[in-house]
Amino acid sequence: MNATTAKRKLKPADLAIRIGLVVLYFLLLALVYTRGRTHTLLLDNKELDGGRLPAFEDVLVSVNGAEPIELYAEDRDLVTLKGQSHRIVLESAADGRKIEKRITLPIGEDMLLLSLPKLAAGEEGAIEVFVPLDAAPPAEDEALPEELGATEMPAEPAPGAAPSEAPPAQ
Amino acid sequence: MSGKLDLKRFLSGNAVILVFVLISAAAIPASKLSGTYIVQEMLTRIGRNSFLVLALLLPIYAGMGLNFGMTLGAMAGQLGLICAVNWGITGVEGLAFAALIGMPISIALGYVCGSILNKAKGREMVTGYMLGFFINGVYQFTVLYFMGMVIPIRNASILLSRGFGIRNTLNLESVRQSLDLLWSLKAGPYVLPMSTYLVLAALCVFIVWFRRTKLGQDMRAVGFDMGVAEAAGIPVDRTRVIAIVISTVLACFGQIIFLQNMGNMATYNAHDQTSFFAVAALLVGGASVKKATIPNVFIGVVLLHVLFVVSPRAGQNLFGSAQIGEYFRQFIGYGVIALSLVLYATRERREAAALRASTYGAGRKAAAAGGSV
Amino acid sequence: MTRVSKISILIVALALLCAGAFAEAKYHIGVCTETVSQAEDDLRGAEQLIKEYGAVKDGGIIQHITYPDDFMSQQETVISNLVALADDPKMKAIVTCNTLPGCAEAFKRIKAKRPDILLLAALPAEDPLVIQKAADLAVDLDFVSRGYTLVWGAKQMGAKTFVHISFPRHMSYESLGRRRAIIEQACKDLGVKYAFETAPDPTSDVGVSGAQQYIFENTPLWIKKYGPAGEKVALFCTNDAQTEPLIQQIVASKNGVFVEPDTASPLMGFPGALGLDLAAESALPAEKKFPAIMKKIEKTLADKGASGRLGTWSYSTGLSLTAGMGELAKRVLDGKAKLTNVKDIYDAIGKYTPGAKWSGSMYTDMSTGVKAKNELLVYMDTYVFGKGYLGATALKIPAKYYTIKK
């Protein structure tokens with residue numbers, strides 16, 4: 001299929017098949033790219049604009065019909081999602097209010113933050129690009145551990161202390 | 001012909017398989033591993049390794065021997081996987097993406113490899129082996145320096161902290177076993193990766209079908225005698241290049257299937273042993289440099305890997321030291337592979353001698369008969 | 001009775017004795033180390049465990065296996081050898097030291113099949129976040145705390161200047177580069193003068209011998225440069241091969257100070273630098289071997305007039321961690337310890353390092369600030385020859401050092 005055949009003249013039909021194959025190749029590439037593109041979505045239940053959009057006291061979030069995640073006020077959790085269009089169902093535990101929304105994620109972004117209060121209020125810009133805290137300084141000095149088995153920073157020495165720290169708020 | 005001669009021929013024809021079966025039969029009880037474990041391990045390894053071994057078949061049909069140059073395809077597959085992880089494409093789509101990225105690279109590499117092998121007719125195997133080392137250098141340079149420097153890498157977690165170069169081990173969590181688990185069947189204590197088996201079956205059908213096509217027939221003609229094929233108007237060099245290109249592309253897919261099952265990838269070493277183990281499996285399965293069939297592939301994968309699974313523990317239980325167990329595995333594994341090569345060489349020589357004797361013998365008899373008249 | 005039958009009775013008796021020694025084990029513990037050619041101390045640690053608890057094939061509880069020598073290109077074997085351990089229904093815990101690439105994947109497979117098996121990873125070469133997810137406990141060396149304790153130790157030993165000797169390749173490593181920054185900050189805070197000296201990289205064209213030669217020739221000059229009036233100068237190098245000539249010249253000097261080698265162990269640099277023959281000591285069991293070696297080094301240093309100026313960790317890290325993790329697994333299975341309890345971990349490792357204290361902290365991921373519940377970073381107290389332990393493990397290291405970047 002790809003061996004050069006300089007000596008032989010290509011028949012138009014052959015040429016068409018080859019062009020077709022190349023087009024098919026790029027179509028396939030685009031298809032698996034869009035379908036397989038995975039995003040990390042942070043579900044953020046924090047109040048915004050100084051209380052204008054209050055956080056849910058206790059909300060159940062279900063993405064694409066999956067097992068709901070329970071979030072209390074000021075909580076944040078993350079889900080990984082394949083593809084761009086997703087259905088999100090919010091169910092407030094306090095008043096039983098149920099909100100169903102469809103969100104579309106920009107294909108080029110790896111990590112996004114979804115503000116639940118904003119989404120519930122139906123406002124624009126509920127989804128924003130999230131820049132990880134340590135990615136802010138130039139990539140040069142940031143980083144993950146080297147291959148030599150080096151490790152990252154521990155926060156504080158706790159000789160003799162029990163390893164389990166305070167459990168998460170919930 | 002007498003039954004005695006048949007038995008002798010059977011023994012010499014299947015000596016390697018028999019030696020392997022005998023050693024395995026001795027090593028399995030010594031390893032004290034359970035039957036369930038060994039069977040499950042074989043089911044997994046058939047899915048994981050057979051594709052790579054099947055990639056070797058076409059060049060053998062074309063008379064080019066064992067394609068050690070398949071390492072090139074393996075490297076292309078790894079580049080594809082690096083891209084898939086880099087762009088965050090997960091699951092089966094991630095694998096398909098890796099395969100699509102790897103395909104043009106392996107076609108190009110296969111073309112280069114095939115053209116060079118055409119310049120080294122008769123010494124394809126050692127040339128292919130050396131080419132593997134050469135391209136390995138190019139691969140390391142690309143991955144260690146170009147990625148992050150020239151080729152943008154967006155996923156910081158696969159990059160060395162100095163800002164360029166891919167890390168020593170690539171975590172393939174995002175595509176891990178996505179093909180195996182697409183459709184896996186639970187049968188009693190065993191898990192069967194059906195989707196992987198389907199892919200293998202499709203490849204086998206492709207190979208059988210390909211042998212019947214015009215190109216496939218040409219390939220076998222070239223493999224049988226290049227001079228005759230040339231005279232018959234078959235473009236010999238082109239056919240040989242195509243055989244290598246297909247083999248390289250299949251090796252690329254095979255490596256992706258292998259690595260998705262493994263779940264992580266030694267960025268700079270994963271392809272080191274690829275061609276070696278594939279070739280070993282094929283030889284152990286009773287194939288030779290000249291002749292190989294699809295059953296050879298599966299018999300070989302099972303036999304070689306049974307030995308790889310049981311021999312470390314067997315060695316350990318027999319000799320009482322963990323490290324001797326590990327050396328025992330290498331000693332037995334590589335020793336038997338060497339044995340298989342030697343046996344084939346001897347057999348080939350003996351067959352040639354027999355052929356010569358029969359032709360000359362017949363000739364002389366005929367001459368004598370003619371003389372008497 | 002004929003001779004033959006006598007011998008056979010003797011053999012039967014012996015066999016019975018052996019069998020009786022380790023009566024029917026309740027559970028088995030798998031230990032995977034590298035071979036002697038890669039990391040001898042780890043393997044000796046596993047052998048220490050076998051000596052104590054017996055090998056599975058003799059009815060004991062330890063099943064020891066090794067990685068293939070070319071583990072990077074044979075990940076398939078690394079994984080399958082580990083997973084094969086889980087085939088034993090009595091297997092209840094698996095210890096790896098070093099935890100090479102491929103172990104996390106093997107752990108995932110073991111967990112999928114046998115969730116009851118405890119997985120302990122010592123000195124992981126895998127990504128911290130990956131190994132934390134796969135293993136039940138990971139233990140690694142604490143390079144951050146050591147950045148502070150090194151300088152603190154130098155100050156305790158009377159040094160006015162801390163000379164950090166390294167080269168660009170090492171400084172491009174995350175851990176070493178960050179530790180250098182921590183050392184520099186600690187020097188500032190503790191009132192020690194900091195200096196950086198570059199030495200040739202042993203993997204470059206000069207080779208190991210050239211790099212050693214350079215250290216050998218320059219150490220006296222550095223000591224003179226930073227301590228012209230005989231003030232004490234502490235020197236520290238990041239390369240193992242360069243440690244030996246460095247120790248040699250510090251011993252020969254009047255005011256050189258050596259806190260500890262980077263890869264701290266009594267066997268690091270000292271035997272070579274002092275020309276010691278350790279054949280007799282090496283034959284001893286682990287808990288006696290290292291004290292005997294330490295004693296010999298201490299005496300030799302005293303004879304050379306270098307008492308109180310050189311220190312090291314008093315036991316080998318690889319051996320004590322391998323054996324210690326095995327011990328910990330056993331204690332957990334016996335219900336005598338909790339796997340991720342820091343005190344229990346130190347106790348178990350401490351069994352193989354009598355007299356030496358351990359300290360450390362849980363691993364914290366820099367990008368998320370999440371503190372891991374199952375990865376502990378450890379370090380050992382420094383022993384100064386002719387003076388005793390420094391007490392570095394009792395130090396409270398200021399929190400700010402943990403956020404210093406390069």
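Biologist: Why is the passing of α2(C) and α14(C) called a right-handed crossing?

Modeller: In this predicted model, helix α2 (residues 40–53) and helix α14 (residues 317–333) of chain C pack at an angle of about 40°. A crossing is right-handed if the near helix is turned clockwise from the far one by less than a right angle. α2(C) passes α14(C) in that sense, so the crossing is right-handed.

Biologist: Which residues make the contact of α2(C) with α14(C)?

Modeller: Contact requires heavy atoms within 4.5 Å. From α2(C) the contact includes C:D41, C:R44, C:L49 and C:Y53, and from α14(C) it includes C:L319, C:T322, C:G326 and C:K330. The axes of the two helices lie 6 Å apart.

Biologist: How do the residues of this contact divide into nonpolar, polar and charged?

Modeller: Five are nonpolar, five polar and six charged. C:G318, for example, belongs to the contact, and Gly counts as polar.

Biologist: Chain C also has a sheet. What makes β2 and β11 of chain C its edges?

Modeller: The open sheet has seven strands in the order β2-β1-β3-β4-β5-β12-β11, with mixed pairing. Strands β2 (62–66) and β11 (358–364) of chain C each have a single partner strand, so one side of each is left without a neighbour in the sheet. On average, neighbouring strands here are turned by 20° against each other, direction ignored.

Biologist: How do you know that strands β1 and β3 of chain C pair?

Modeller: Pairing takes at least two bridges. Six bridges join β1 (residues 28–33) to β3 (residues 91–97) of chain C, so the two strands pair, and they run parallel.

Biologist: Does C:S265 count as buried or exposed, and what is the reason?

Modeller: Its relative accessibility is 8%, and buried means under 20%, so C:S265 counts as buried. This residue sits in the loop between β9 (256–257) and α11 (270–274) of chain C. Leaving out residues up to four places away in sequence, C:S265 touches C:F270, C:T312, C:W313, C:Y315 and C:S316.

Biologist: Moving to chain A, what makes β3 and β6 edge strands?

Modeller: Four strands form an open sheet in chain A, ordered β3-β2-β5-β6 and paired antiparallel. Strands β3 (69–72) and β6 (98–104) each pair on one side only.

Biologist: How many helices and strands does chain A have?

Modeller: Chain A has two helices and eight strands, in the order α-β-β-β-β-β-β-β-α-β from the N terminus. Of its 170 residues, 36% count as buried.

Biologist: What are the corresponding values for chain B?

Modeller: Chain B has 14 helices and four strands. Of its 373 residues, 55% count as buried, and each of those therefore has under 20% relative accessible area.

Terms used. Residues numbered from 1 in each chain as written. Chains lettered and ligands numbered in written order. Predicted model: local features only at pLDDT ≥ 70, side-chain atom pairs only at ≥ 80, totals over all residues. Heavy atoms only, no water. Axes fitted to C-alpha atoms, helices over the stretch in contact; angles between N-to-C directions. Buried < 20%, exposed > 50% of the residue type's maximum accessible area, 1.4 Å probe, protein only.
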